[in-house]
Amino acid sequence: MRKILIVDDEPNIVMSLEYIFKKENFEVFIARDGTEAIEIAENNIPDIILLDIMMPNVDGYQVLKYLKGDENLSKIKVIFLSAKNKASDIELGLQLGADKYMSKPFSVKKLVKEVKELIK
Amino acid sequence: MSSFLVIFIIIIYLSVIFYVAYWAEKNSKSKWVNNPYVYTLSLAVYCTAWTYYGSVGLAATSGLKFLTIYLGPVIIIPAWIILMRKILKISKANKISSLADFISLRYGNSRFLGALVTIVCVLAIVPYISLQLKAISETFNVITDHKTITNSIVNDTTFYIAILLAIFAAFFGTQHTDASERHKGIITAVALESIIKLVFFLIIGIYVTFYLFNGPSDIYNQASFLPNFKSQQTINGLEGGFNWFFLTMLSMIAIMLLPRQFQVTVVENEREKYLKKVIWLFPLYLLLFNVFVIFIAWGGNIVFQNKNVDADLFTLMLPLVNGHELLALIVFLGGFSAAISMVVISTLALSTMLSNNLIIPYGFLTKYSKGKSSENTESIKNIRRVAIFTLIILAYFFYRSFTLNRSLVSIGLISFVIIAQLAPSFFGGLFWRRASSKGAKYGIIIGFLITVYTLIIPFTVESQLLSTSIVNNGLFGLKFLKPYELFGLQLFEPVPHAFFWSLFFNILVYVIISVIIVGNYRERNFAEMFVDSAKYAELHENAYVWKGEAYVSDIKQVLSRFLGEERTERALNLFYMKNGINVENPIADARLVNFSEKLLTGSIGSASSRILISTVVKEEEITLSEVLNILDETKKTKQSNVLLKERDKQKDEFLDTVAHELKTPITSIRALSEILLEDDEVDKETKNKFLSSIVTESERISRLINNILDLEKLETGKEQLDLKENSIENTIRKSMDATKQIADNKGVKLSFNGGIDSLLIYDEDRIEQVIINLLSNAIKFSKENYGEVIISAALKNNKGEVSVVDNGKGIDPNDLVSIFDKFYQSKNQTILKPVGSGLGLAISKQIIKSHNGEIWAENIIPQGAKLTFTLPFKLI
């Protein structure tokens, strides 16, 4: 079974994503902030991470940097999900090595499609 | 050593120097070219062949006096951090390209003054350059063992060297038409030569001290048996003290005002902060250079005792008589490099002055105002090239036709004294507002004439073996006019004597005329700018020293004659953008006129650019007070611009946050409803959960929007407060009722801690809003089932005071003030976001502020937070 990690501090967003990816037969992990995300990623090595950027303490950029700096974690696919949609934010995200950047609010259908494509 | 070998080595050496200059010019952005070390080393152009040979000569004949030449710089250079910084600021802002330009600009773009300074400099420096050529020639003869001096130019190696130096200076010195641009090639080459000459001199110093003798004490012991030793090594009482004092003063002036020093220090300066290195590194360089001088001199005195050897040549002769030809060659090359750096930089500086302050303003302006840009720039460059060749050839013939049998030091000192005549106008102009151009003019002329009478005439008379009656008996046989003892002053040696009297009258005339005759408005405005340079930094930038009428098209035409159409267009566009001026406006404003003047200054000098620009503008007088008024206004506009920008930034940030806060619930709503729409298999329970979440998130959006609008109303003062006399206890009770439900849900105990009720004037709905906000925050941050929130009211200092205390975990001390900011979220927030818009406290603060009250947060012991607000008894 494919493993997906959802990182967001908004309970309702997490709830909807959890539902949809369970339905798509993923094993779903959830983290509410950056530190938790890193911890879960290290223990479970998911195939893909959906990562929010604006979170308390450790933000999404920092999480991605950490992942890219770790041999075991650097291959995990990462999609940024963020309300920040300025060109400069998107560029920074991709530069840091994210595979995809989706602005909030996003279409769930499209997100599922992108996820499947990335881990094919 | 064979002359061919030496010539061969000279050619190799010069090729290396040429190559380095070429490389630096090509790689002018390289960090090898742009650094404080290259800058500091280039200042060492101060140490010429005179230092190499003359210092030793002077030390051998008159003891420690040679030190004065280096003491002056060592004393004054630490003050550069203030003094030179000021000069650099002014020069950079006005694209100053030489000392003459600096003085001419300070006294209101005075064309005459610029020319006068140029002439004084040329007269002072040409003999000095010829001295360097003499040093090259003599040492060349010594090392190749030529006993006879060649009479034909064709056979004279020095002539070819002079021509090569002229080519070098002309090629690398005229890469840009704008003379205020930096000459990276030449400077880097000079810096390299400064290393070479120092290292070579240290080698010979160590050789003499430790190889020929057994260390300093050995030399001292042997030298102390020589006649005159004791009197040479002392200052010589009060008289000697005065001489020391004035010579030190003289070298202080020289290190700043010698044209080559002004060139390397001011014109070639890349960054002001390089000064921080210079102030300790350059004195260190001078110290190192002088460590061995006295030992070489004593060594020479011992070795060549009773032999007829010129003391100036001790440095070279010592290794030579001991059969160490290679070392002698090293000495020769060191002296050679010292000489050629001086020649190149001096001619470069003088040629810029000659072209920009004498030849162009007096001869070529009409031609340039009609010519094409390519012709004009080529012509300007050609003038400088011709000037360089003329100066060097002039110096060469000066050395050939006068028997310069005086020591190197004395001619060097004469040129110092002449240059020192510029000191009153230069430094006076920096610090004295009243100093005027007429004062400067006559001061310089009088000072120069006195120098001629007290120093140059007797010196020439003596060195050319003419009748010495004037020296011995005074002019017309009048004793008080004896050149070396003017007005019977017998205290000083010739150089300090001339320095004293020339500067005395120079300053006297300068001050008296400046006080009597006030300069014109232009001069006074520039005076203000130079003296108060820090305050008028903006004035430099946009110099408002002009008022009148001019058309942009006319000015453009003048500029493009020198810069070409394309560069003019580019420069003007940049200027328009920087100052936010409308491009369409056909009338030029003061800033444009002054900017254009400055743009041309580097190419043709400040006086000429002033004259050229003034041909197309109709100028009116502008008084200083007008300048100051305009300046004040610009300052105010600038300040309010900064304020506006800051406000804009805050607004942008606010909008960003609002967008983010709105998008978050929308994201949830969209995702949840999309699932409900697409997925028919959702079970009933999930469906209900999703739908109620959608409702909550929608409520969140409307709450946020209401809060934003609310805050906007309060912040802009659009909200009319419904002010009435109300009982504060009543309001508190009402608020408690409103929050009772959420407190009960969480199991938090909510209580009112009595106090005295009082009637205060306030808008009850608004204050209720504040109290509800504080209470719900307190409840939110209390522990479930253990929480306790207490609200109390009191009267203190004629104010009503309401506070809400909880027993939660308190507020991070860093956040105590910022929690009242819009959308502020603590860095140390717990994992779960507290529910709320992030605007509650910001709104509360605005409400309290509009009641002229205060609100603040603090932590209490042992645990919990306390939020308090006050309401005054009487509003306003």
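Me: Let's start with chain A: what is the strand order of its open sheet of 5 strands?
Reply: The order is β2-β1-β3-β4-β5 in chain A, with parallel pairing, where two strands pair if DSSP finds at least two bridges between them. The edge strands are β2 (26–31) and β5 (100–103) of chain A, each of which pairs on one side only. On average, neighbouring strands of this sheet are turned by 20 degrees against each other, direction ignored.

Me: Before we go on, what should I know about the model and the numbering?
Reply: This is a predicted model, in which local features need pLDDT of at least 70 and side-chain atom pairs count only at pLDDT 80 or more, while totals for chains, interfaces and linings use all residues. Residues are numbered from 1 along each chain as its sequence is written, and chains are lettered from A and ligands numbered from 1 in the order in which they are written.

Me: And how do the helix and strand names work?
Reply: Helices (H or I, at least four residues) and strands (E, at least two) are DSSP runs, numbered from the N terminus.

Me: Which strands does helix α1 of chain A lie across?
Reply: Helix α1 (residues 11–23) of chain A lies across β1 (2–7), β2 and β3 (48–52) of chain A, and runs at about 165 degrees to β2(A). Axes here are lines fitted to C-alpha atoms, for helices over the stretch in contact, and angles run from 0 to 180 degrees between N-to-C directions.

Me: Now the partner: how many residues of chain B are in contact with chain A?
Reply: On the chain B side there are 20 residues in contact with 19 residues of chain A, contact meaning that the C-beta atoms, placed from the backbone, lie within 7 Å. The elements giving two or more residues to that side of chain B are α29 (624–678) and α30 (684–716) of chain B, and α29(B) gives the most, with 13 residues. The residues on that side divide into 6 nonpolar, 8 polar and 6 charged; Ala, Val, Leu, Ile, Met, Phe, Trp, Tyr, Cys and Pro count as nonpolar, Asp, Glu, Lys and Arg as charged, and the others, Gly among them, as polar.

Me: What is chain B made of overall?
Reply: Chain B has 33 helices and 9 strands. Of its 876 residues, 46% count as buried, which requires 20 or more other C-beta atoms within 10 Å of a residue's own, while 12 or fewer makes it exposed and anything in between partly exposed.

Me: How many residues of helix α13 in chain B are buried?
Reply: Helix α13 (residues 259–267) of chain B is mostly covered, with 9 of its 9 residues buried. Among them are Pro259(B), Phe262(B) and Val267(B).

Me: Why does Tyr22(B) count as partly exposed?
Reply: Tyr22(B) counts as partly exposed because it has 15 C-beta neighbours inside 10 Å. Tyr22(B) is found in helix α1 (residues 3–26) of chain B, and its C-alpha atom is separated by 9.2 Å from that of Lys184(B), 162 residues apart along the chain.

Me: Next, at what angle do α3 and α15 of chain B cross?
Reply: The axes of helix α3 (residues 49–62) and helix α15 (residues 293–303) of chain B come within 8 Å and cross at roughly 60 degrees. That makes α3(B) oblique to α15(B), since angles under 35 degrees count as roughly parallel, over 145 as roughly antiparallel, 65 to 115 as roughly perpendicular and the rest as oblique.

Me: Which residues meet there?
Reply: Ser55(B), Val56(B), Ala59(B) and Ala60(B) in α3(B) meet residues in α15(B) including Val293(B), Ile294(B) and Gly300(B). By class, this contact of α3(B) with α15(B) has 7 nonpolar, 3 polar and no charged residues.

Me: Last one: which face of strand β5 in chain B is covered?
Reply: Strand β5 (residues 759–763) of chain B has Leu760(B) and Tyr762(B) on its covered face, and Leu759(B), Ile761(B) and Asp763(B) on the uncovered one. Strand β3 (residues 723–727) of chain B pairs with β5(B) in the antiparallel sense over 5 bridges, and the bridge partner of Ser727(B) in β5(B) is Leu759(B).

Terms used
Contact = placed C-beta atoms within 7 Å.
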